[in-house]
Amino acid sequence: MIQKPRGTLDILPGESEIWQEVERKIKKVASLYGFREIRLPTFEMSELYKRGVGETSDVVQKEMYSFNDNDRRNITLRPEGTAGVVRSVIENSLGNGALPLALYYLISCFRYEKPEAGRSREFYQFGVELFGAKDASADANVISLAAAVFRELGLTDVHLEINSIGCPNCRPKYHKALREYFETRKDELCPTCLERLDKNPLRILDCKSPICKEIGEGAPKTVDHLCPECEEHFNSLKKYLDAAGIEYKVNPRIVRGLDYYQKTVFEFITDKIGAQSTICGGGRYDGMVKELDGPDLCGLGFAMGLTRIMLALEAEGVLPVIDESPDLYIASMGDTARAKSFEMTEALRSLGKRALFDQVGRSVKAQMKYADKMGAKYSMVLGDSELEGGKAILKNMQNGESCEVEIANISTLAECLK
Ligand code: ATP
Ligand code: MG
């Protein structure tokens, strides 16, 4: 038996309807905030992620699914959404249109990681990107959208943590302070962080190793090294969040895993789903569009992990309840009755009723067993005598009550299926 690749998910009937409902709610909130959907390729040129996500990020260093295609082009399965959106904004000159430009996506992403609860190799994200808005009110607006999604989904055990990691102006000074601090504990750092110390010491603060984490606790904080502009932006964001009644905690340890962030970074965290508790992460990436050869267009956004959101919904006991059971199952005896039952189900479907008929030619007993398994609310048996008399018995499968209905009168039959 061939099994699915390690770290992938089968979303089966029963679950898929829950996903549809969650996605419907997400789209509703995105639309309320004026965000429009963008659909992009599942793979891009590898170069895009190297430059857009950053050479020193974990994603580019060890998590990408990359391969050469038949034309020897180096292709990568999308590990995240932002780089592709930025590529498309540049390629389609969307920055020349009305600004700010507000986009969202629902996608699957691919990362070669160690699978565990809440961490898979193909996973699903809802993300938004907002271009052309520098003011901190835009940051507050994007954070508010994420909070509104959690509200709409009924999640309550979610809290927001924010930080500012500065900009290219204040970063050199901060990096210097960080390097000086980590140099003093160099011998304890993991080999990867030792490399990071040279290339991008900020990355060390995002290391998952317990020792590096502990060392990171004592490191200088970004918020103490902000230039006046970044400090003003961060204070302004906090005021907007306060005014909107959005609760937050400043966590100076949040730096985010991708290289392109500056100024605002944030995460939404839940305590209910174990170690992989970050269900949404985002921030501002003002230099990125230009970095990818586009115009000088600022941007910010977030990505939510839908797999982790499902775990959180389950843990909080608020998974949507979906009823996909048929309204009516028409059992039949013989070819003529089956043809009639097909005709009736077609008419009922056009009236919005979920109707099923026998497509197998089984015994009536076997058909009724199937109707039961499918959770049909009503059933009916059609045989020669029903066809001759033009009437059949409609049975309520829940309470066993039955009534007689006219076969030809479909609208009355549909009325009975309440
Ligand atoms: P982590 O620290 O958990 O590895 P990350 O910083 O790599 O997360 P992002 O790139 O910011 O994650 O992705 C945004 C969100 O997507 C995460 O907050 C998480 O909810 C989800 N996510 C990321 N990687 C995975 C994965 N392998 N499996 C499931 N969900 C994921
Ligand atoms: Mg990661």
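## Exercises on charged side chains

The structure, a predicted model, holds 28 salt bridges.

**Exercise 1.** Determine which parts of the chain the salt bridge between arginine 51 and aspartate 293 ties together.

*Solution.* Step 1: the two side chains meet at 3.0 Å, N to O. With a cut-off of 4 Å, a contact of this kind counts as a salt bridge. Step 2: arginine 51 belongs to helix H2 (residues 46–52), while aspartate 293 sits in the loop between helix H10 (288–291) and strand S11 (299–305), so the pair joins parts 242 residues apart in sequence. Step 3: arginine 51 is partly exposed at 33% relative accessible area, and aspartate 293 is exposed at 60%.

**Exercise 2.** Are aspartate 139 and arginine 284 buried or exposed?

*Solution.* Step 1: their side chains form a salt bridge at 2.7 Å, N to O. Step 2: aspartate 139 is in helix H5 (residues 136–153) and arginine 284 in strand S10 (residues 278–284), so parts 145 residues apart in sequence are tied together. Step 3: both aspartate 139 and arginine 284 are buried.

**Exercise 3.** Classify the accessibility of glutamate 161 and of lysine 249.

*Solution.* Step 1: the closest N and O atoms of this salt bridge are 3.3 Å apart. Step 2: glutamate 161 lies in strand S7 (residues 158–164) and lysine 249 in strand S8 (residues 249–250), 88 residues apart. Step 3: glutamate 161 has a relative accessible area of 7%; buried means under 20%, so glutamate 161 is buried. Lysine 249, at 48%, is partly exposed.

Note on methods. Residues numbered from 1 in each chain as written. Chains lettered and ligands numbered in written order. Predicted model: local features only at pLDDT ≥ 70, side-chain atom pairs only at ≥ 80, totals over all residues. Heavy atoms only, no water. Helix = DSSP H or I, 4+ residues; strand = E, 2+ residues; numbered from the N terminus. Buried < 20%, exposed > 50% of the residue type's maximum accessible area, 1.4 Å probe, protein only.
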